[in-house]
Amino acid sequence: RAQGTGSARSGMMGHARCGQRGWAAAAILGVALQAVCVCAMQRIESAPRGGAEHREQLRSASLCRQRGICLRQPSAAGLAFAPPPSWPEAYAVRSPELAFAAGEFFEAQKTQMGDFFTESWARTKQGFSLLWKNWGIVREVQQRRKEGAEISLNEYCMIARDKRDTGRLIRGIGVYAMSPSLLPYYLIFWPGALPSTFDLPKHQEAKYRAAVASRVEGLLTGLLELEKEGINEKAPAMAEEAKRLKNAGLQALSSGNWKAAAAVAGPWLYYNATAVSPGKTPRANLEGLPPSLVKGASMAVGAGFGWLPSFVLKFPLKGHLVSLIDGDAELAKPMLDKRVAQLSRHDVLDLCLERGLGHPDWPRAKLQESLLDYSKHLDAFTKSLEASQTNPEMQVDPFRLRLTLLALSSVSSVRQVDEGDLTRALYAGGKKPSLGF
């Protein structure tokens, strides 16, 4: 029994030692596994991140970039700052647009520059070719005219237009000879500097409308400047003369017909014939016309700029009156209605606008009728002035007569055209009074 008991104890002790060894091995294995896990985690932490966390970081960076672009790129509507994009919009990968759509802007500028150079080349080619062609035709007409042959009204219009175009070309050449760098500014700030042969149809219509607008501007400028001269305390004599002319202007503007309005000018429409050499025509003498009315008249006929002094503006105004006298001599020939009917719309508009008549929107029949009425009024007014003058030394001044009719025609047309609506509404409540012609 003792032996058996000893062997049992020894067995239990053996089992206990084996159990202790197992627990020790398990503990060592657990520590090893924990160390392996710690090393693996350290490697993962030190290694480049990937997977969902990496994608999340990329999305956050994209969102920051999108918000930065929104802060410096205005939206197309109202140029207001666009709100930051939502999360789905931020995930979309797209190239940032340039601020103010610079690509579209440069494309539009490139197209406009191409059109500008194409149109400029077409105008230059057309302008010089038509100038050369018109010179040849005008030489033939002038030769027939010297031989005593009658010319048509259409041929006269061509001669007058060629004369104006040649003068414009000579002035442009003179500006270029004086200073080549001034020529672009000369052409930009004076749209009528180019000859009419360089104009495309759209430029012709624009010039017609500009002529009507300058008619309104010239009349308003002349009247306002006359008002200022009447209150000029530094020049009492000029102020008194301005007040007298102001009262005469009020009487003319309130007249019921054109004859009563023209009769206000009175003795100013005559000149002393003894001061002119026999066989010679009188020169344009605008003595007695104040600087305000000189400026207004020159602007109304498109013969100068308002900022130029009156003594300079007298020269283009006199040239315009000389052209009117030559044209009226052709209009005074018989069968005017048939001759006017043969004119083109371009020629009829030139003759009407030169005399302060008509509008580009008027039909052809109305333009022709206004031109015929002008010729009748000119003839009747001249005869009435000649009959009322008893002194044989005093003759009707053709320049002052044309200037008076030009003023009356301009006033009458300004009261009808739409370009004077705003000013008319200010003074007359939008009504359209008439002088009766």
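Contact, in this talk, means heavy atoms within 4.5 Å. Helices are DSSP runs of H or I, at least four residues long, numbered from the N terminus. This is a predicted model: local features need pLDDT of at least 70, side-chain atom pairs count only at pLDDT 80 or more, and totals for chains, interfaces and linings use all residues. Residues are numbered from 1 along each chain as its sequence is written, and side-chain values use heavy atoms, leaving out hydrogens and water.

Let's start with two helices, α7 and α15. On the α7 side we have Arg 215, Val 216 and Leu 219; they meet Ser 410, Val 411, Ser 413 and Val 414 in α15. Sort the residues of this contact and you get four nonpolar, two polar and one charged. Here Ala, Val, Leu, Ile, Met, Phe, Trp, Tyr, Cys and Pro count as nonpolar, Asp, Glu, Lys and Arg as charged, and the others, Gly among them, as polar.

How are α7 and α15 angled where they pack? The angle is about 110 degrees, and the axes are 10 Å apart. Axes are lines fitted to C-alpha atoms, for helices over the stretch in contact, with angles from 0 to 180 degrees between N-to-C directions. So α7 is roughly perpendicular to α15, a label for angles of 65 to 115 degrees.

Stay on α15. Thr 404 sits in this helix. Buried or exposed? Thr 404 is buried, with a relative accessible area of 13%. Buried means under 20% relative accessible area, with a 1.4 Å probe and protein chains only. Setting aside neighbours within four places in sequence, Thr 404 touches Ala 262, Ala 265, Trp 268 and Leu 269.

Now the core. A nonpolar core is a set of buried Ala, Val, Leu, Ile, Met, Phe, Trp, Tyr and Cys residues joined through side-chain atoms within 4.5 Å. The largest one has 37 residues, and Leu 153, Phe 381 and Leu 385 touch the most other members. Helix α14 gives the largest share of this core, six residues. Take Leu 385: beyond its neighbours within four places in sequence, Leu 385 contacts Leu 269, Tyr 270, Val 396 and Leu 401. Another core lies apart, with 15 residues, including Val 301 and Phe 399.

Last stop, α10, residues 291-300. Eight of its ten residues are buried. Among them are Val 294, Lys 295 and Met 299. What do the buried residues of α10 pack against? They pack against α7, α11 and α15. After α10 comes Gly 302, with a positive phi near 70 degrees.

Methods: Buried < 20%, exposed > 50% of the residue type's maximum accessible area, 1.4 Å probe, protein only. Parallel < 35°, antiparallel > 145°, perpendicular 65-115°, else oblique.
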